[in-house]
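The following note sets out some points on the model shown below.

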Amino acid sequence: MTVRIVLFTGKGGVGKTTTAAGTATLAARSGARTLVLSTDAAHSLADAFGVQLGAEPVQVAENLTVHQVDAQRRFERSWGEIQGYLMSVLDAAGVDPITAEELTVFPGAEEVLALLELRSHVLSGRWDVVIVDCAPTAETLRLLALPEALNWYMTRVFGVQRRVVRALRPVLTKAAGVPMPEDAVFEAVERLHRDLEEVQQILTEKDATVRLVLTPETVVVAEARRSLTTLSLYGYTVDGVIANRVFPTGSGDAWREGWVVSQRAVLAEVRQSFVDLPIWQSDYSAGEPVGASALAAFAEAAYDGDDPLATPSGEGPMTITRTATGAVLRIALPFAQRRDVDLARHGDELVVTVGSYRRLLALPAALSRHVVSGARVEDGSLQVRFRFEQEEQP
Ligand SMILES: Nc1ncnc2c1ncn2[C@@H]1O[C@H](COP(=O)(O)OP(=O)(O)OP(=O)(O)O)[C@@H](O)[C@H]1O
Ligand SMILES: [Mg+2]
């Protein structure tokens, strides 16, 4: 049984929590066992549903459970040991297998824990639908880039160390002053590594999608466009845009008419920008949509008859096509220009940088023994050509 996962992200205050809660309410009313989970430390789900919530999941309506992950608590329970060790390693002189650049993607414990919580809910078999109310864009992107980045980090730091550590432990500890981890730490790290790999798999499958929430304002739309590029870079499928807080037309004063006109222009830009995606629209209502009925009404108006849980058709953000001489790897990078994209090959990894985001893409086995023979950015995608290379004779 697959679980339909929908994540909501967007700039601060645009209506992510409201839209996530509204979508979850509709899902629950359609009979799906629904969980809505918040990865945002601000935890506004309680306010949206108008209920009190603790750190444990709470059922707020039929088929509908809300869980605000209390990262701090989980942190102390399970992550402290690993984190403590990492800090001591990084502090210790002489051990620096990673560059500063790569360190910048090193996660906060809270984000890791939110992901692990998501994983255990998805695997629990208790839910048909999991809705995720994310933190504002930058944090969400960091969160979603994390499983792969951490995977990379762990293979490098721990994979290498484990092989040498047993034999050298006594020597190293004395000589370099580098603390050697206990076996329990290694085991915890390995478990974490596996779990995060699973999270990444769960989130990049067809049943998991991301929706961009925006308000019709130029800066907000610009950020949403950049998020679409970055999400695609990391292999996530964006399946819709919600334009929230749209001023309804009709009789109004000059102030409101002014807003209607300027929003109309921005909405036209939104439609031009996200041509391949459904754009759902919701009015700026006279009051805050709080409580299950108001949230359901809000979401019903926004989706306007569309199935809020439909799984998108069409190809995902990354495809590989065989050619006569090798293969072409295509990564959708909407809006990206040639000058924004940088590409490098490191052994069996392809390093793709778009603006300030970087992806270390482990090349699929099908592309081993291929060399990169060219690349271009065209029609919103990066195309990398690979040529099959005969093995050299010794
Ligand atoms: N269409 C709307 N009409 C009226 N009020 C709205 C609408 N959408 C959201 N709100 C209200 O605006 C406030 C912010 O919305 P919400 O909490 O959903 O935004 P958010 O994107 O989750 O914010 P944050 O970035 O802080 O998490 C809330 O009080 C919410 O009730
Ligand atoms: Mg919120």
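**Salt bridges and the ligand site**

1. There are 8 salt bridges in the structure, each being a side-chain nitrogen of Lys or Arg within 4 Å of a carboxyl oxygen of Asp or Glu. This is a predicted model, in which local features need pLDDT of at least 70 and side-chain atom pairs count only at pLDDT 80 or more, while totals for chains, interfaces and linings use all residues. Residues are numbered from 1 along each chain as its sequence is written, and side-chain values use heavy atoms, with hydrogens and water left out.

2. One salt bridge pairs Asp-239 with Arg-4, whose closest N and O atoms are 3.0 Å apart. Asp-239 belongs to strand β7 and Arg-4 to strand β1 (residues 4-10), so that distant parts of the chain, 235 residues apart, are linked (strands are DSSP runs of E, at least two residues, and helices runs of H or I, at least four, numbered from the N terminus).

3. Ligand 1 is surrounded by 18 residues (a residue is near if one of its heavy atoms lies within 4 Å). Among the closest are Lys-16, Arg-245 and Glu-288. The shell comprises 5 nonpolar, 8 polar and 5 charged residues.

4. Oxygen atoms of ligand 1 take part in polar contacts (N or O pairs within 3.5 Å). A polar side-chain atom of Glu-288 lies 2.5 Å from one such oxygen, and a side-chain N or O atom of Arg-245 lies 2.7 Å from an oxygen of the ligand.

5. Which element gives the most to the shell around ligand 1? It is α1, with 3 residues.

Notes
Chains are lettered from A and ligands numbered from 1 in the order in which they are written. A polar contact is a pair of N or O atoms within 3.5 Å; within protein, one must be able to donate a hydrogen and the other to accept it, and residues adjacent in sequence count only if both atoms are side-chain atoms. Ala, Val, Leu, Ile, Met, Phe, Trp, Tyr, Cys and Pro count as nonpolar, Asp, Glu, Lys and Arg as charged, and the others, Gly among them, as polar.
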